[in-house]
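This report describes selected features of one structure. The sequence and the model come first, and the text follows.

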Amino acid sequence: MIKLSKEGAYLLYGNKIVEETEELKETEAILKQELGEKFISKEEAIKNTMAYRILEQHNTSENMEKLKIKFDRLTSHDITFVGIIQTARASGLEKFPVPYVLTNCHNSLCAVGGTINEDDHMFGLSCAKKYGGVYVPPHQAVIHQYAREMLSGGGKMILGSDSHTRYGALGTMAIGEGGPEIVKQLLEQTYDINMPEVVGVYLTGTPQKGVGPQDIALAIIGEVFANGYVNNKVMEFIGEGIENLSVDYRIGIDVMTTETTCLSSIWRTDEKVKDYYELHGRKEEYLKLEPGEICYYSGMIYVELDKIKPMIAMPFHPSNTYTIEELNANLMDILDDVEKRALVSLNNNHVRFTLKDKVRDGKLYVEQGVIAGCAGGGYENICDASDILQGKSIGADEFSLSIYPASQPIFMELVKNGRIADLMATGATVRTAFCGPCFGAGDVPANKGLSIRHSTRNFPNREGSKITNGQIASVALMDARSIAATAANKGYLTAATDIDVNYSKPKYFFDKSIYENRVYNGVGKPDPSVEVKFGPGIVDWPQMSPLTEDILLEVVSVIHDPVTTTDELIPSGETSSYRSNPLGLAEFTLSRKDPGYVARAKEVRLAEEVRVTGACPMRKNEVIGNAFRTIKKAYPDLKARATEIGSVIYAVKPGDGSAREQAASCQRVLGGLANIAHVYATKRYRSNLINWGMLPFIFPEKELPFERGDCIFIPGIVTAIREKQKEIKAYVVKDTLEEFELQLGELTDEEREIILKGCLINYNRKEK
C-alpha cells in the first residue's frame, strides 16, 4: 500500500526508480549501466526536481544552499491578517508589493464578542483599498479554495498565514507560515531557509471505487509522521497514477500534506490541470511541470492507489490511522489502544476519555458527521456524498450531518444541479463556506461525543470542548464518502466501499460572476487617502525591549508530552474573537494544558516591567530577588536593573499543527523570553518564536536540570548570539549556580538581529 525507501532514489525518464545503495560506487555503477553517456552526478540530478527549479527561480541570493525567497502572491484570513497588517504598518508599510488576498472564513459567523469580528473585516476591507489588496467577504470562500480558484499559478510560489497553504496539485509551491513571515514579504524582505530536501511520492494504480482523497492522504500521513520522513522537506508527487486522479482529487490529497510536517508540495501537471485553469478563466496561469530526465530524491514514498482502503484517523492525531475494515474487525482492542494514546495527549485528570461506550451491538456509533473546509468542501467530495445518500435518511436520533461547500461558486453549482436539495432531503444541513469545524468554532459535539469529519485535524480540543471545564469530545478524520456511508447507516461506522452506489460525477461549471459581484480587487490600485477603519477590539502590540547582555529566566511551565500542538499553546476556537487584541488573547495561553501558566508568567512580567522603569526588580518578586542574590555571589558586578527578566516554557516537541503566530506572540506579550525544547516540531513555530524576539533554545538531553519554578541565568547571551556560539552556558539557580548547556541551532544573520532587537517590529522600525 505505502512503502518508504531506506535511502535516496533516482527517477529516470519519469518512470523508472533506482534506489540509492549505501555504497556510492555501487549506485553509480547501476546508473551508468542504465544511462550510459547521459549519466550525471547526484548534485546535478538534485537540480532536476520540479521543486528545485521553482525554488531557484524565486531565490534572490546567489547561494542555492541558503535561500532567500520572494513569493509571487500572499494570502491570509481574518484570524491573522489584522495582526500582520498592524505589524507591517508599525514597520513602515506603504503598499502591498505583490497580490495579497484577505479572506474572511474563520470569524465569519460574527457570533460572539459584539462588533469585534465584523470590525476586523472592515479593517481588512479598508486596508485592501489603502494598500492595494484583495478582500473576500465572509461566506464567499474558505481561504484555500479561493486561492486555488483565483490565486494559484503554474511555477508560482504563494505564502499564506495558515498552515494548510498547499496548492501543489495546481503546480504552485505554497508554504504556510506565521504572520511575521508575511510581514517580511510585505516589506519586500525575504523568506530565508536552507535548501530543503525533496522527497518523491510515486503514485501508481487507480483508487478503488469509494476510496477518496482523504483516504490516500491519511494512509500517507500514518506512514511518515512519526518517523519524520518528510519533516521540513518538499513532497514531489510523480508517477503514472497521477493521470488516474481528477484535479479535485489531487487537491484533496495535497492539502493534507501539511499533517506530514513537510515544508511544501508540488505535483506533476498535465492536461487536466490545464483544463482546471481554463475552467476558472485563467488559462494563462497553466504551466506544464515535470521532473527532468534524471533527478534525485532524498527519499521515495511508493503509493499503490489501488491497494488503499477507506481510512480513519482516530483521536487525537491525523497519524493515528487504521483502515475502517481493521477498526470494525478489532473494535474493542483498537479502542483500548486509542484510550491509552489519549492519556498521553490529554495528560489531565479532570475527565475520563473513552470511546468504548460508542459500541452498540458490536458496531461503533458516532454522533456527528461533518464535511467541510479546504479538505472536505470540494465539489466532487460533496457530489459523491450526495450519490451515496440518494433517497436515504440520516435518521432522527443523535447523529447529525453538516456540509460546508468550500466556496460560493461550488455552492451555486450544487444548487443548480440539485445536489443541495438531495442532501437536505436526507436531514443533512448545508452551510456557507466556513472554517469553523476545523478549529472548534462550529459543530462542537456534545460532551463525550464523537464526530467524524472530512477536515484537516483532530487534535485534542480542536472540535471545541474544554477539558478544564470537564468537557471532552473527539474527532476522527475520514473521507466524505465514508462519512456519507456512515450517515446512510444512521451513524454506524461504515466504509464507502461497503455500499453499492453509482457515482454520477456531474460536470462542474465555475461561475466567476459571484466573485466579480462581491470581491473587492484593488491589486495595483493602492489609495493612500483611504483611512484604515479601527474597531475597539483592535489593539496595538505592546512595546518589547531589546535583549540585554545577561538574562534571567523563570521556568513557568514544563510540558513532558511527546508533542505539544499550537492548539495547546493557544486554543483556537473560543479565542478567535480576540485575535486582534494581543493582551486579551494572551489570557488564553496554555489554558487547556497548564491553566496556571498565565498567572505565573504575569508575575515574572511584572518584575521586568519594574526593571524597565529603572527601579530594582528584586523587591517586586521574591523568587527573582532570591535568584539575583545567589547569582551576585558568582557575578558580583551584575546589575539587576540591566538584566532582562523573562519567563520560559519547556516542551519536548512544541509547535505541531497550525501556523498561527499567536502561539508565540501570546507568550511574548506575557513576558516570555524563550522556549526550551528537545526539538521543534515545525520550522514555522520556531520562526514565530524568533520573529517575536524569543530565544528558541534546544536542550538535546532527556533529563532536565531544571523544573518549574526554577530560575535560569544566562550570562553573555548577546555576545554568544553575535559570535554565533554553538553551545551557550546557562545556570540553574539553586543555592548555588548549577551549569548546563543550551543550543540555539542555526540562525541567519537577520534572525540574530531580530532577536537582539526584541522582535521583528523593532528590527524594521530601527532599520527604517
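Contact here means heavy atoms within 4.5 Å. Helices (H or I, at least four residues) and strands (E, at least two) are DSSP runs, numbered from the N terminus. The model is predicted: local features need pLDDT of at least 70, side-chain atom pairs count only at pLDDT 80 or more, and totals for chains, interfaces and linings use all residues. Residues are numbered from 1 along each chain as its sequence is written, and side-chain values use heavy atoms, with hydrogens and water left out.

**Helix α24**

A residue is buried under 20% relative accessible area, exposed over 50% and partly exposed in between (1.4 Å probe, protein chains only). Eight of the eight residues of α24 (residues 662–669) are buried, so the helix is largely enclosed by the rest of the structure. The elements that cover these buried residues include α20 (566–569), α22 (597–612), β28 (644–651) and β30 (672–677). After α24 comes G671, with a positive phi near 100 degrees.

**Nonpolar cores**

A nonpolar core is a set of buried Ala, Val, Leu, Ile, Met, Phe, Trp, Tyr and Cys residues joined through side-chain atoms within 4.5 Å.

| Core | Size | Residues include |
|---|---|---|
| Largest | 118 residues | L203, I216, I301 |
| Second, separate | 52 residues | M64, Y131, I182 |

Among the contacts of I301, not counting residues up to four places away in sequence, are I2, L4, V201 and M235.

**Cysteines**

A disulfide is a pair of cysteine sulfur atoms within 2.5 Å; the whole structure has zero. The sulfur of C374 lies 5.6 Å from the closest cysteine sulfur, in C438, which is too far for a bond. C374 counts as buried at 10% relative accessibility.
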